[in-house]
Amino acid sequence: MKHDLSVAPPANASEEAYYVALMAETFVSPPERSAEYLQSVGVDQVRLVRVGGQPVGGLALLPKGQYFGGRRIPMVGVAAVCVDPTQRAGGAASELMRQTLSEQHAAGMPLSALYPATVKLYRRAGYECAGVEALLKVNLDGITCRDREAPMRPVRPEDEPVLHAAYQQWAARHPGNVDRTEFHWNRILDLRGSKATGYVVTNGDRIDGYVYFVTTTEPKLWNMDVRDIVALTPAAARRLLTFLADHRTIRQFASWKSSPADPLLLHLGEPCYEFTRARPWMLRIVHVANALAARGYAPAVQAELHFDVADDVLPENGGRWTLRVEAGTAQVTRGGRGSLAIDVRGLAALYSGYQSPSDLVLAGLLRAPEAELAAAAAVFGGPLPWMRDAF
C-alpha cells in the first residue's frame with residue numbers, strides 16, 4: 001500500500017473536519033474539545049496521511065525547545081497521532097511518521113519528542129525512550145517545612161513575563177523539560193475550563209518561585225492538583241512547601257509532575273510521598289549534526305567521540321560522525337574512526353542522558369571498546385531527564 005500513501009497538511013475545511021472527528025473517536029473526547037485542540041495547535045501544523053488521495057490519519061506538530069546540557073535545543077513535539085480503524089496495521093502510521101521526519105530533517109530540526117501510545121510504532125521510526133514523566137503524590141501532613149520568612153502573594157497579570165523567565169531558568173537546569181510555548185502555558189492556567197490559582201514567592205523586586213494549583217474533589221477529600229511549581233532558591237523551595245503544608249487542615253494530598261531526582265524533594269524531611277504514575281517519553285534525533293552541535297556539555301569535559309550511526313528511516317543521518325567537545329561546546333564533522341557503532345534509537349537515549357553507554361551495550365544498541373564507552377559516559381552523563389509538560 002505504500003505507493004498509494006502521501007503526507008501533507010489538510011487541503012480544505014473538509015479534511016480539517018475529518019481530522020477533528022478522527023481525534024474525537026480515537027481519544028474518546030467530545031468533538032468540540034478536538035476542535036479546540038486543533039485551533040490551539042494550528043491547522044498548518046497538522047499532517048494527514050492519505051491513501052489514494054483520501055485522508056486516513058494524521059498527527060499534530062508542536063514546535064518548541066527542549067533543554068539538554070543547559071541549552072535550549074529546537075524540538076518538534078508529535079501529538080494526536082491517529083489512524084482510521086479500517087486502515088490500521090497497513091503501514092499508514094509508519095509512512096506518516098517517516099515522511100514527517102523527512103520533512104523535519106530537511107528543515108534542519110535537531111530533535112523530535114512524543115508520548116507514545118504504542119512504543120513499537122515509534123521505535124520503527126527511530127524514537128527511543130529517553131526520559132520520564134512521573135506523578136508525585138505528597139501527604140501534606142508529612143511536610144515538615146515551617147519556613148514563612150519569604151513573602152508570598154497572588155500572581156498578578158504583570159508577573160507573566162517574569163514567571164516565564166523564571167520557568168526558563170529552572171527548566172534549563174532540569175534536562176528534558178521544554179521551553180514552553182503559549183500552548184503549554186494555556187494548559188497550566190486553564191485546562192478544559194479548570195482555572196488554576198497562582199502564588200509567587202518574592203525577594204524584594206525579584207520573584208524566586210511560584211506555584212499554580214487547582215482544588216480537586218475525591219470522595220470525602222479535597223486535594224491539590226499542582227499544575228506547576230518552580231523554586232529558584234532553597235529559601236523559595238522551603239516557602240513553597242510550607243505554603244502547601246498550610247493547606248493540610250482541609251486538604252490531604254498535593255500532586256504534581258516531578259522526578260525522583262527533583263531537588264525540591266530534598267526539603268521534605270521525611271519521604272511523605274509516593275510516585276503514583278511514571279511513563280516514558282520518547283526522543284528522536286532528527287538531524288544528527290545539528291542535535292550534537294546544539295547540545296550543552298559539561299565545561300570540564302574534553303573528549304572526542306567517533307560515531308558510526310545506523311538510521312534506516314533517515315539515511316542522511318547514517319555513517320561516521322566525529323564529535324569534539326571542549327569548554328561546554330561541540331564541533332561535529334563527517335568522518336572519523338566509527339568506533340562507537342550506535343543505532344539512532346540508542347543515540348537518542350544517550351543524548352538525553354537517560355541510558356548510560358554500558359546500558360545501551362546491554363540493549364544491543366551500541367558497540368564500542370571500553371575506553372570509548374567511558375568517554376561517552378563523561379560527555380553525556382547528567383541528571384535523570386524528565387518532563388513536566390504533556391502534549
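**View 1. Tyr 167 and Trp 170 share helix H5.** Tyr 167 and Trp 170 both belong to helix H5, which covers residues 160-172, and they stand 3 residues apart, about one turn of the helix; helices here are DSSP runs of H or I with at least four residues, and strands are E runs of at least two, numbered from the N terminus. The model is a predicted one, in which local features need pLDDT of at least 70 and side-chain atom pairs count only at pLDDT 80 or more, while totals for chains, interfaces and linings use all residues. Residues are numbered from 1 along each chain as its sequence is written, and side-chain values use heavy atoms, with hydrogens and water left out.

**View 2. The rings of Tyr 167 and Trp 170 form an aromatic pair.** A search of the whole structure finds 14 aromatic pairs, and in the one formed by Tyr 167 and Trp 170 the rings are tilted, at 5.8 Å centre to centre with 40° between the planes. Rings of Phe, Tyr and Trp (its six-membered ring) pair if their centres lie within 6.5 Å, and planes under 30 degrees apart count as stacked, over 60 as edge-to-face and the rest as tilted. Ring pairs also link Tyr 167 and Trp 170 with Trp 185 and Trp 386 into a cluster. Tyr 167 counts as buried because its relative accessibility is 1%, and Trp 170 counts as buried because its relative accessibility is 3% (buried means under 20% relative accessible area, exposed over 50%, partly exposed in between, with a 1.4 Å probe and protein chains only).

**View 3. Two arginines lie over tyrosine faces.** Arg 180 lies over the face of Tyr 167, at 3.7 Å from the ring centre, and Arg 295 lies over the face of Tyr 351, at 5.5 Å from the ring centre. A charge sits over a ring if NZ of Lys or CZ of Arg is within 6 Å of the ring centre and within 35 degrees of the ring normal.

**View 4. Cys 272 is in no disulfide.** A search of the whole structure finds 0 disulfides, a disulfide being a pair of cysteine sulfur atoms within 2.5 Å. For Cys 272, the nearest cysteine sulfur is that of Cys 145, 9.1 Å away. Cys 272 counts as buried, with 15% relative accessibility, and Cys 82 is also buried, with a relative accessible area of 2%.

**View 5. The chain around these sites has 11 helices and 20 strands.** Buried residues make up 52% of its 391 residues.
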